[in-house]
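Hi everyone, thanks for coming. Today I'd like to walk you through one protein model, step by step. Please have a look at it while I talk.

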Amino acid sequence: EWIQKRKNCFTQEARDYGIERPRGTMLIGPSGVGKSLTAKAIAHELSFPLVKFDVSKAFSKYVGESEGKISQALKCLENMAPCVAYVDEIDKLFQNTQSDGDSGVGKRVLSSILNYMQESEALIFWVFTANRIVNLPPELTRPGRIDTKFVLLTPTPLEAPDIINIHLRKRKQKEFSVEELKEVSEYIWQEFFSGAEIEGIVNETVIECFHDKTTISPELLLKQFRASKSLINVNPKDFHDMVKWGLANAKLASDLGKYMDELSKNKPANSEVL
């Protein structure tokens, strides 16, 4: 919805109206919740080519070489404009910029990118993703560099059935109604399974059904989910911190409705995890 409202804001008509062109967004969330898929969807919605900007490949042990590579990459991006520049896991790329362990190369590379974003008039929409908020450079997220930040969390019971049915359909299996998947969806929400984990468990269930020559059912899906453990539950503190930060500093990518009360508490929905 946010992108749809901005897809026409790159036009001259929008300039004449007084609208500044959209600059980009930050997608924050744990692994597997669909950040990369969202970046692809943004490019599709804007009808721009998606260009993955792998900043890590610019780093070099020679003085000045990293900055030169970044300058070349930014010129390439400008030549491709209009485009969506997708920078994945920016928190990992710049996790050492707070120290002098990289002789300041990381800080200079980041500064080059930020200065370009601030000054360039090229039609480049930036999409940054991050798995953790602890390493995010504050200068990257301020207004003027990107337009807004979104936090992507694990699927709610309203969203999980759609994800399950997408992967059942891809595997030529029967789909189920929201009501039929109610118990499965509630368990997914309580245990914080990501979209990627849902896909893996659906695939595992299909394999089991094929081996046992039986028909897939919500009961079998629930059994498979209960036999699995979500990655988030392995390190719940990071997820907890991300939820608290996201509710205070970013927009939610989903309409969580009645589930907001659970996320607003000091602990995630399943308090036993912590």
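Predicted model: local features only at pLDDT ≥ 70, side-chain atom pairs only at ≥ 80, totals over all residues.

The protein chain has an average pLDDT of 85, and 87% of the residues reach at least 70. One stretch to treat with care is residues 268-274, where the pLDDT is below 50. In the model, that stretch has 18 contacts beyond its near neighbours in sequence.

Now to the sheet. As a reminder, strands of a sheet pair through backbone hydrogen bonds, and they can do so parallel or antiparallel. Which is it here? The pairing is parallel, in an open sheet of six strands. If you trace across it, the order is E2-E3-E4-E1-E5-E6. The edges are E2, residues 50-52, and E6, residues 251-252, and each of these pairs on one side only.

Let's zoom in on one pair. How many bridges join E1 to E5? There are four, between residues 24-28 of E1 and residues 148-151 of E5, and the two strands run parallel. To find one partner pair on your screen, look for leucine 27, whose bridge partner in E5 is phenylalanine 150.

Helix H2, residues 35-46, lies across E1, E2, E3 and E4, and it runs at about 165° to E4. Helix H3, residues 65-80, lies across E2, E3 and E4, at about 125° to E4.

Some helices also pack against each other. We describe two packed helices by the angle between their axes and the distance between those axes.

Pair one is H7, residues 182-191, with H9, residues 218-226. Their axes are 9 Å apart and the angle is about 15°, so H7 and H9 are roughly parallel to each other. Their crossing is left-handed. H7 brings Glu183, Val184, Tyr187 and Ile188 to the contact, while H9 brings Pro218, Leu221, Leu222, Phe225 and Arg226. Sorted by type, that contact has seven nonpolar residues, no polar ones and two charged ones.

Pair two is H6, residues 160-170, with H8, residues 195-212. Here the axes are 9 Å apart and the angle is about 40°, so H6 and H8 are oblique to each other. This crossing is right-handed. On the H6 side you'll find Ile163, Ile164, His167, Leu168 and Lys170, meeting Gly195, Ile198, Glu199 and Val202 of H8. That set holds five nonpolar, two polar and two charged residues.

Ala160, Pro161 and Ile164 of H6 meet Val184, Ser185 and Ile188 of H7. Five of these residues are nonpolar, one is polar and none is charged.

Finally, the backbone. Most residues other than glycine have a negative phi, and most peptide bonds are trans. Another is the bond joining alanine 81 and proline 82, which is cis, with omega about 5°. Proline 82 sits in the loop between H3 and E3.

That's my tour, and I'm happy to take questions!

Note on methods
Residues numbered from 1 in each chain as written. Heavy atoms only, no water. Axes fitted to C-alpha atoms, helices over the stretch in contact; angles between N-to-C directions. Parallel < 35°, antiparallel > 145°, perpendicular 65-115°, else oblique. Left-handed = near helix turned anticlockwise from the far one by under 90°. Contact = heavy atoms within 4.5 Å. Nonpolar A, V, L, I, M, F, W, Y, C, P; charged D, E, K, R; others polar. Pairing = 2+ DSSP bridges. pLDDT = per-residue confidence, 0-100.
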